[in-house]
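This briefing concerns the protein chain shown here and is arranged by topic.

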Amino acid sequence: KVLIVDFGSQVTQLIARRLREASVYCEIHPFDKAEAVVDEMKPQAIILSGGPASVLEPDSPRIGRKLFDLGLPMLAICYGQQLLCDVLGGKVEGGHHREFGRAEIVLTEETPLFAGIGAVDHREPVWMSHGDRVVAIPEGFRVVATSAGAPFAAIADEARRIYAVQFHPEVHHTPRGAEIYRNFLFGVAGLKGDWTMAAYRDEKIAQIREQVGSAKVICGLSGGVDSSVAAVLIHEAIGDQLTCVFVDTGLLRKDEAAQVTTLFREHYNVPLVHVDASGEFLGALAGVSDPETKRKTIGRLFVEVFDREAAKIEGAEFLAQGTLYPDVIESVSATGGPSAVIKSHHNVGGLPDFMKLKLVEPLRELFKDEVRALGRELGLTDAFVGRHPFPGPGLAIRIPGEITPEAVATLQEADAIYLEEIRNAGLYDQIWQAFAVLLPVKTVGVMGDARTYEKVLALRAVTSTDGMTADFFPFPWEVLGRTATRIINEVRGVNRVVYDVTSKPPGTIEWE
Ligand code: XMP
């Protein structure tokens with residue numbers, strides 16, 4: 001086990017990611033909890049993250065000597081390095097030499113940390129991002145790499161197994177960063193790399209049981225992968241103390257509501273309340289065409305409906321959410337403690353304010369692909385866990401302009417054909433997200449001998465790793481052609497199909 005002490009870096013979660021990729025279990029804890037956690041967790045190594053603060057400021061986030069004196073192997077990154085030097089008797093200076101972005105380190109001495117990376121004088125590209133820098137290192141340390149902006153780019157006290165680097169080995173722009181982490185974990189700290197998703201599942205089940213006791217838990221199911229995996233995991237932990245509430249907005253993909261209810265009720269035997277609120281949602285959306293108003297209307301109503309249904313479940317004390325790591329921004333301010341902010345954009349069910357329930361969030365430490373792996377571990381099928389992401393507001397933001405029940409039905413049909421053709425072509429797993437958009441634009445066509453005047457349907461498909469940036473998917477023309485022919489023949493109200501070739505940026509993935 002490795003303890004990652006978080007000082008608020010935007011990339012702390014990537015450290016966790018590198019460790020998981022090396023099959024090493026780790027937990028991230030904010031700096032002000034680290035000393036308390038260490039006794040209970042009994043880590044075998046400690047990593048200090050980077051962070052936006054400066055150790056030169058009086059209120060900067062700090063840890064005391066305790067963690068340094070445990071005799072555990074330690075790797076300190078960026079701010080962590082500066083803090084280490086400050087605590088152990090080195091010196092840090094404010095940044096006249098700000099260094100941001102690509103840089104190059106030169107290895108100056110052999111060290112297990114850079115084993116296999118190169119010999120002395122080897123130059124290695126790394127990613128730097130710092131204003132302050134170390135100008136004198138504590139006793140017992142020696143310099144093992146330098147860079148133009150950071151004479152102490154990497155330092156080591158091999159006797160104590162403490163290493164500190166100014167650059168960020170966890171980001172992709174440090175191409176051999178993963179090797180550096182492995183060197184630390186296996187070479188320096190002697191860890192095994194035997195952590196598995198099955199072990200994670202068992203650990204989480206034990207944690208959920210401990211957290212929840214004999215209380216009842218409500219889980220909001222959206223039909224998506226995350227909330228489904230959370231629900232199945234919690235059900236495995238506490239059985240029928242869990243009730244799932246599935247608010248059906250009527251804005252899901254074709255047949256998806258039925259699939260979700262069947263899967264949970266029949267396959268997993270999870271108690272499930274299916275709330276068909278489609279009438280309410282469509283009613284509230286009537287006459288609304290502004291995208292932001294649509295989002296807000298749906299979000300507000302979702303909370304109302306969920307709240308109403310949850311109130312019927314007597315004695316519930318916990319609310320389960322499928323919050324993932326990227327949804328959680330752990331911000332560590334210079335003065336106060338860390339505060340967890342959940343992006344409202346991605347979490348339609350931002351419910352706890354309304355409901356006074358305690359949260360159970362068993363996926364908080366996981367990335368999307370890890371959630372998928374956990375889902376497989378829990379017996380969900382590849383097809384289920386591999387499903388494309390789907391936005392909370394659903395099809396409402398794929399119907400520019402006003403939403404009518406007819407438009408929703410038309411879009412569901414067209415979307416289903418599109419996805420079927422993608423699956424038939426064997427392309428589904430190469431695509432991050434594919435969907436159709438029903439435009440409020442009519443064009444002229446000819447079918448048989450008759451003139452038609454119907455709506456345009458836009459097809460969208462993108463590749464992406466995280467949804468932050470995306471490229472349009474380069475379909476073979478025949479797949480697009482076949483899809484267009486089928487949609488125009490089989491879906492009433494559409495007589496023209498176009499393909500969206502915009503990347504993100506400058507476009508967004510969704511049209512609204
Ligand atoms: P954009 O359109 O911003 O989308 O490029 C990026 C990713 O986020 C999804 N998305 C949402 N998900 N609620 C959600 O839960 C929303 O309001 C929302 N808007 C966009 C989108 O589907 C894509 O995967």
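Val-225 is buried, because 23 other C-beta atoms lie within 10 Å of its own; a residue is called buried if that number is 20 or more, exposed if it is 12 or fewer, and partly exposed in between, with C-beta atoms placed from the backbone. The model is a predicted one: local features need pLDDT of at least 70, side-chain atom pairs count only at pLDDT 80 or more, and totals for chains, interfaces and linings use all residues. Residues are numbered from 1 along each chain as its sequence is written.

**Val-225 and the annotated site**
- Val-225 lies in helix α6; helices (H or I, at least four residues) and strands (E, at least two) are DSSP runs, numbered from the N terminus.
- Leaving aside residues up to four places away in sequence, Val-225 touches Val-371, Arg-372, Gly-375, Val-385 and Arg-387, where contact means that the C-beta atoms, placed from the backbone, lie within 7 Å.
- An unreviewed UniProt entry assigns the feature "binding site" to Ser-222, Gly-223, Gly-224, Val-225, Asp-226, Ser-227 and Ser-228; UniProt positions follow the numbering used here, feature names are shortened, and annotations may be inferred rather than shown by experiment.
- Gly-224 belongs to the loop between β12 (216-221) and α6 (225-238).
- Gly-224 counts as partly exposed because it has 18 other C-beta atoms within 10 Å.

**The parallel sheet**
- Five strands form an open sheet in the order β14-β13-β12-β15-β18, with parallel pairing; two strands pair if DSSP finds at least two bridges between them.
- Its edge strands, β14 (272-276) and β18 (358-360), each pair on one side only.
- On average, neighbouring strands of this sheet are turned by 30 degrees against each other, direction ignored; axes are lines fitted to C-alpha atoms, for helices over the stretch in contact, and angles run from 0 to 180 degrees between N-to-C directions.
- Between β13 (residues 242-248) and β14, the parallel pairing extends over 5 bridges.
- Asp-248 stands opposite Asp-276 in β14.

**Domains**
- The domain assignment divides the protein chain into domain 1 (2-188), domain 2 (197-385) and domain 3 (404-499), with bounds from an automatic or database assignment.
- In domain 2, 6 residues are in contact with 7 residues of domain 3.
- The side of domain 2 that touches domain 3 comprises 3 nonpolar, 1 polar and 2 charged residues; Ala, Val, Leu, Ile, Met, Phe, Trp, Tyr, Cys and Pro count as nonpolar, Asp, Glu, Lys and Arg as charged, and the others, Gly among them, as polar.

Note on methods: Contact = placed C-beta atoms within 7 Å.
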